[in-house]
Structure formats: structure tokens, C-alpha cells
Amino acid sequence: MEQVIANGLYLGAQYALIALGLTLIFALMNVLNFAHGQMYVLGGFVTYTIYGQLKLPFVVALVCSGVTLAVIGGLMEKFLFRPVVRRSKREESTMLLAAATAFFLDAVMLLLFGEKQRGVPKIISGVFVSDRLILPYDRILVGVLAILMIAAFMFFMQYSKPGRAMRALAQDRVAAQLMGVKVERYSMIGFALGAMLAGVVGGLLVSITGVNSGIGGPISIKAFLMVMIGGAGVVGGAIAGGFILGMMESVGLTVLREYGDITYLVIFALLMIFLSIRPHGLMGKPWG
Amino acid sequence: MRKTSTNTLRVVSAALFLVALLVAVPLLINATGRSDLYYTLTSVALLSIISAGVWITFYIGRINIGQGAYALMGGYVSAILVMNYGMSFWLTLPLAGLFCAAASVLIGLPILRLRGVYFAMVTLVLTEVARLLALALPITNGASGIVSIPLPTGISLFGITLVPDFATLANPRLAFYIVAVLLMALCFLGLYRLAHSRIGQLCQSLQQNEELASSIGVNIAYLRVIAYALSSFLGGVGGAMFASISQSIYPSSFTVADSVNFMLNCFLGGLGYVLGPMLGTFVLYFGWDLLFQTGEFQLLIFSTVLIVLMLVLPNGLLSLALPRKRGLER
């Protein structure tokens, strides 16, 4: 049982970070970023190249993943999403754009890195063993790093000036603009930040599960699940959704093992029931 | 008077288009000897039927990325009925549609209360669930799928053969092509009627403001379930047809990528136009096929073109030709 909970917490920390980026972009731009999973994979590949191929320290690789994705996210917002949001008659048009960018990133990664599963050497070896719990040290480290990053992100959103501006934007775009918040600038920063989070998680996880160019779509789906559980556009909701999904996955894989691969079926059925009671998730606002 | 003349014009042009598809295209294909085009065009016709279903959900203001689930369901229902119960394919075609419609009512009742991205995300997950279900259920035969489904048999009424047995035909591809085109014509005719009927107007009111519509007495819960059921019906019929053409169905026959593509078809054609899904499907499918020669750069070029198209024409291809047409725009 302790093992299951520990696994759930570790998974949940990863998932929460992924969901945070997605929900941030959604809150600021009202864009459902289909390419989020692809950004995650790209972050993984950057870390793979720098840490696995060039043999530079893991931290450097992680920072590079974050910076690369932040730049890509910022550019995407400025040159792709902003013009389309401005000119399109229906805001759903951004979904086509997001899907197209997802395809684009997939294609680029396939060309650059091929379709093989890529892994990197362990960051720390060794396994923590007690009488009830077996956890490799690198998992513990990655989990702790993820939780630290979530905390840092929340502090940033809560107390820094850009964080405050972004929260204002998420609450009411027009009102924020009237109060002198530079809407365009902070939209871009927000998009870059969301993309960066995806990239950093990708970099973190490449050291454990490895990465291949095909997993972007499934990761996006998981991120959507978490955002639905917690409520779209709410930071607390994304974190809660991430931990809940991680826990359910961990418990489901153990409890439902003898019935075959039906964990996700059960999760989805539960989600349907949950959503028919609370259509906006745990903490979502009644819009979106 | 002007109205009737434009109406006649529309009927005539639609009839001409249909004749061109049914007569001119086969003649051209015969002349050039490129009979592989039959399969491509049949796929376009069927995919546009499935996409038309997505378009209906767009018409009530919902983003539906779950159409692949119903296409898969329809394919499996038809395949199982033909293989296990020996039914005629032509009977299973409407049955598959009805089964999907019934399932969509059950699924739709809770999830249609969601809006915007929430609905989009739930439907996206639905596709994945359909795939998992197909893998897990015993009747669908897991990952190996259902293969070597027999070709559709003939229909005869009072001794007159209405539809010949496909297995005896010299060119079943042509037969499938004709069936698909007829189905597509039927589907878009119905869609046109729907969009211009009272229900269509009501659906538009749903798209613009559900609360307002409900406050003036529109039964929104009923309408959106009906629209969703219709949409799933089309998805099921299209999927059943696909299973029959390829004579096989696997859990991976319709995946999340397909669901997203159905949505893209609608977007690309233009959400405000009934013919949008047809044009979008045609352009996307042929564009993808043409790019096949570019090999590994296929996806790269394809997605770049999509992004550029989106930047230049954010309201769909048809907004170029019919800029002033009374559409869905507010």
C-alpha cells in the first residue's frame, strides 16, 4: 500500500507540472494547447541531446530544455496564435492552429531525432529500500524536484509582478487591460512559461522513462484529463488534477491488474460520472 | 422571384455536381487508367460524411473531437453483425448508425452539459476510450481486430436485382465509389435541409447563446442531444462503410489523430458553410496524398501548409469564395 501511494505521489508531481503549463496557457489565451505533449517530448529530446549525447551536467540540460521551449512558446504566441486570435471570427479556430502546430512539432522531432526510444544514463544510481517501500533514488530526486518547481511556480504567480499581471489577465482580460497591464506582453510570457514547464518535465522524465517521438499525443490526452478533473484555467485545479490522476493510475494499476489493461477505462467512466455532477471540475469557474 | 431563381440555380448546380461525380469522374478514371483514385475518392466521400457529423455538433456550438469513437463503433457493429449473425451489410449500415446514435444519447446526456474546451476534451478522451474498449472487449477480438469481412451482398426486391452482389462484380471499387458518393449526396442534402429548417435556426440560437435561447422557450437539452445523436449516426454509417471497404476493422482503425482530422476538415472548409466539411476533407486528404512523394518531409510540409492556411484564412477556405454569404458568423 505504501508503495502504491509513493508511486502515485511521484506520478502526480510529474502530471501536475504538465497540467500546470496547459492550464496556464488556457487561462491566459483561452487556447487549448494541443501541442503540449509535443512540447514535453521536445523538452525530453533537448535533455537527451545535451545530457545523453554531449555529456554535460543534467542541470544544464534541464535549463536548456526549459529555455528552448520558452523561446519556442513565446515565438508561437507572437507569430501564430496572436494573429489568429485577432482575426478569426470563432475562437475555436485556435484549436486548428494548435493541432497543426502539434503535427508540425511531431514532424520536426521525427526528422531530427528519429522514431527510436531514447534514454539517458541514470542521474543517480541506487535504490532506497525499507521493509515496505522500494524506490529508486532517481525517482525520489525527480519527484522532489517536480514538487519544488510546483512550489516555485505558485510563489511566482502569487507574489511576483508578472505573476500578478497574469492572474489579472486570467480573471478578466479587458479589466486587466484597463488597469494598465500590457496584455500582449504578458500573454507571451504566459505562453512561454507554460511551454517551459512542459519542456522541463520532459527533461526530468527522460532520465527515468526515456522518450520517443510518438508519445506527445497520449501525454496531451493525460494533461487534458487532469485539467478536466481540476477545472480548466485554475492553478490549484491543475495541481489537484495531476495528483488525483497520478494516484488513480497508481492504485488502478495495482488493484485492477488481474482484469487486464482497463485502468484508463475505469478512470474515464469515473470522470464521466464526476463531470455530470460537477461539469466544471473541482475548482473550475463556470466558463470555458 | 429572385429567391426562387437562386433556388433553382442551386438545385441545378447540385445535380450537375452529382452527375459529374457519378459519370464524368469514372469516365476520366477509365481514360487515364488510374483506378487507385477510386479508393481515394471513396475515402474522401466517406470521411466527409463523418466530418459532416462533426459539423453538426459545431452547429450547436460544441467542439467535437470524439467522432472517431463513433466511426470505430459503427465499423465494429457492422462487422460483428455481418460476421457473427450473417446479416446483410445493407441492413447493418443503418443499424450501425442507429446503434451509435443510441450510444451517443447515453453518453451525450451527461457530457453535453459541458461547454467549450471541457466538451472538446471529454470527446477527445472518448476516442481513446473507444480504442481501449475495442481492445478489452471479448467480442471485438482485441488487437487483432476483425478481418476478412465479406463484401456486401446483393439486394433484390420481387426478383429484381436492386444492388448486385459486390463479390461478383468485376470492379467492386467502382461500386463502392458510387455507393459512397450517393451516401455523401444524401448526407449533405439532409444537412442542407437541416441547417435551413426551423431546427437548424434553433441550433444556431444554441450556438450563440444557450441561456438566452432557453429563456425564450427553446428546449436546449433536447435539441443538443438530437444534434449529437445525428452527428454520431453519420459517424457510425461512415465507419461501417469503411469497415466494409477495407474488409477489416482494428482498434486502431480510427484513432485520436482521425478524430482531430475530422475536426480539422470542418475548420478548414469553414464552419459557417454546409459544404465546408466536404471541401475541407477533399483538400486535406488530397493534399496529404500529393505530399506522399516528399517522403519523410510529408508531415512537415503538410503541417506548415495548415499553419499558413490558418494564418491567411482563419475562417475557412469557403470564406474566400463566399465572403458575404449569410453564415454562422455573428
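pLDDT is the predictor's confidence in each residue, on a scale from 0 to 100. That's a handy place to start, since what you're looking at is a predicted model. Chain A comes out with an average pLDDT of 86, and 98% of its residues score at least 70. Within chain A, the element with the lowest mean pLDDT is strand E1 (residues 127–129), at 80, while helix H8 has the highest, at 91. Chain B has a mean pLDDT of 83, with 93% of its residues reaching 70 or more. One stretch of chain B to treat with care is residues 324–330, where pLDDT stays under 50. For that stretch the model has nine contacts beyond four places in sequence. As for the complex, the predictor gives an ipTM of 0.78 and a pTM of 0.84.

Now let's look at where the two chains meet. Chain A puts 42 residues into the contact and chain B puts in 37. On the chain B side, four helices each supply at least two residues: H4 (89–111), H5 (116–136), H10 (256–269) and H12 (298–312). Which of chain B's elements gives the largest share? That's H5(B), with 13 residues. Sort the chain B side by type and you get 28 nonpolar residues, four polar and five charged.

Helix H12 of chain B is worth a stop, and B:Met310 is one of its residues.

With 19 other C-beta atoms within 10 Å, B:Leu309 is partly exposed. Its C-alpha atom is separated by 12 Å from that of B:Gly287, which is 22 residues away along the chain.

Elsewhere in chain B, find helix H6 (residues 172–195), where B:Ala195 belongs. B:Ala195 counts as partly exposed, with 19 C-beta neighbours inside 10 Å. Setting aside neighbours within four places in sequence, B:Ala195 is in contact with B:Tyr59, B:Gly200 and B:Val274.

Over in chain A, pick out helix H2 (residues 36–53) and helix H8 (residues 183–206), whose axes come within 7 Å and cross at roughly 50 degrees. That angle makes H2(A) oblique to H8(A), and the crossing is right-handed. From H2(A), the residues making this contact include A:His36, A:Met39, A:Tyr40 and A:Tyr48. From H8(A), they include A:Ala195, A:Ala198, A:Val200 and A:Leu205. By type, the residues of this helix pair divide into twelve nonpolar, seven polar and no charged.

Helix H1 of chain A holds A:Thr23. Why is A:Thr23 called buried? Because 31 other C-beta atoms lie within 10 Å of its own. Leaving out residues up to four places away in sequence, A:Thr23 touches A:Val227, A:Ala232, A:Gly233, A:Val234, A:Val235, A:Gly237 and A:Ala238. A:Thr47 is 24 residues from A:Thr23 along the chain, and the C-alpha atoms of the two are separated by 24 Å.

Finally, a word on the backbone. Most residues other than glycine have a negative phi. Two residues here go the other way. A:Asn30 has a positive phi of about 60 degrees although it is not a glycine, and you'll find A:Asn30 in the loop between helix H1 (2–29) and H2 of chain A. A:Asn30 is partly exposed, with 19 other C-beta atoms within 10 Å. In chain B, B:Gln247 is not a glycine either and has a positive phi of about 55 degrees. B:Gln247 sits in the loop between helix H9 (220–246) and H10, and is partly exposed, with 13 other C-beta atoms within 10 Å.

Definitions and conventions:
Residues numbered from 1 in each chain as written. Chains lettered and ligands numbered in written order. Predicted model: local features only at pLDDT ≥ 70, side-chain atom pairs only at ≥ 80, totals over all residues. Contact = placed C-beta atoms within 7 Å. Nonpolar A, V, L, I, M, F, W, Y, C, P; charged D, E, K, R; others polar. Axes fitted to C-alpha atoms, helices over the stretch in contact; angles between N-to-C directions. Parallel < 35°, antiparallel > 145°, perpendicular 65-115°, else oblique. Left-handed = near helix turned anticlockwise from the far one by under 90°. Buried ≥ 20, exposed ≤ 12 C-beta atoms within 10 Å, placed from the backbone.
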